[in-house]
Structure formats: C-alpha cells, structure tokens
Amino acid sequence: MDRVLCIFGSSTTYGAWDFEESGWAARLRKFLDKRNSSNVLNSGDWFWLYNLGVDGDDTKGLLKRFKAESEVRISDWESKKII
C-alpha cells in the first residue's frame, strides 16, 4: 500500500543550518527514496514524503495552512497513482 507522509514544522523540519543533509525530514526522504528505488517491482508499497517545514512557522501559521497543504499533496499523489 502506498503511503503519503506530510511533515509539518518550522526551521528544524525545513532543515535550516544542516548544510550537509538539509535536515531530518530530507534525511528521511533520502532513506525512503532508496527504499522505494530498491522496491521497484512492488510498486504497491511506496512512501511519498513532502517536507512542508517553513522557517519561522508557529502553531498558528501551521493551522492556517494545514488543510490546504495536505489536500493538494494528497490530490497530487492520487492523480499520479497508477490503477
């Protein structure tokens, strides 16, 4: 089963000041991309990760954009899904 991961947060999620790997969310994305590429024949078990971290974001800002950001990522993923 395919999974969509939307990671929200502030500068820590965004990857600020991690000049080598662009933060923990980018590191997780890199790990999942490797996993996905080694799992090419089993396309029903993929992870899609969206880093939606915004430098300086707070809870109020996140709540304002949460629904719209989630919906567009999920609809984008569903439109590309091969049935």
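The structure holds three aromatic pairs; rings of Phe, Tyr and Trp (its six-membered ring) pair if their centres lie within 6.5 Å, with planes under 30 degrees apart counted as stacked, over 60 as edge-to-face and the rest as tilted. Tryptophan 46 and tryptophan 48 form a stacked pair, because their ring centres are 5.6 Å apart and their planes stand at 15°. Tryptophan 46 counts as buried at 18% relative accessibility, whereas tryptophan 48 is partly exposed, with a relative accessible area of 33%.

The model is predicted: local features need pLDDT of at least 70 and side-chain atom pairs count only at pLDDT 80 or more, while totals for chains, interfaces and linings use all residues. Residues are numbered from 1 along each chain as its sequence is written, and side-chain values use heavy atoms, with hydrogens and water left out.

The protein has three helices and two strands, and from the N terminus on these elements run β-α-α-β-α. Helices (H or I, at least four residues) and strands (E, at least two) are DSSP runs, numbered from the N terminus. Strand β1, residues 3–9, pairs with β2 in the parallel sense over seven bridges; two strands pair if DSSP finds at least two bridges between them. Within this pairing, valine 4 has tryptophan 48 in β2 as its bridge partner, and tryptophan 48 is also a member of the stacked pair with tryptophan 46. Strand β2 is largely enclosed by the rest of the structure, because five of its seven residues are buried.

For the protein as a whole, buried residues make up 29% of the 83 residues. The accessible surface comes to about 6100 Å², and 58% of it belongs to carbon and sulfur atoms; these areas come from the Shrake-Rupley method with a 1.4 Å probe, and for residues only the protein chains shown count as cover. Of the contacts with a separation of 6 or more, 66% are between residues 24 or more positions apart, a contact being heavy atoms within 4.5 Å.

Attention now turns to the charged side chains. A search of the whole structure finds seven salt bridges, each defined as a side-chain nitrogen of Lys or Arg within 4 Å of a carboxyl oxygen of Asp or Glu. One of them links arginine 27 to aspartate 18, with the closest N and O atoms 2.9 Å apart. Aspartate 18 is placed in the loop between α1 (11–14) and α2 (24–38). Leaving aside residues up to four places away in sequence, aspartate 18 touches Gly23 and Arg27. The two partners fall into separate accessibility classes: aspartate 18 is buried at 18%, while arginine 27 is partly exposed at 40%.

A second salt bridge brings together the side chains of arginine 65 and aspartate 57, at 2.7 Å from N to O. These side chains are also joined by a polar contact of 2.7 Å; such a contact is a pair of N or O atoms within 3.5 Å, where within protein one atom must be able to donate a hydrogen and the other to accept it, and residues adjacent in sequence count only if both atoms are side-chain atoms. Aspartate 57 lies in the loop between β2 (47–53) and α3 (59–80). Beyond residues up to four places away in sequence, aspartate 57 touches Gly9, Ser10, Leu62 and Arg65. Aspartate 57 is buried, with a relative accessible area of 18%, and arginine 65 is buried at 14%.

Further along, arginine 73 forms a salt bridge with glutamate 69, the closest N and O atoms being 2.7 Å apart. Both residues lie in helix α3, four residues apart, or about one turn of the helix. Arginine 73 counts as partly exposed, at 21% relative accessibility. Through salt bridges that share partners, Asp57, Arg65, Glu69 and Arg73 are joined into one network.

Methods:
Buried means under 20% relative accessible area, exposed over 50%, partly exposed in between (1.4 Å probe, protein chains only).
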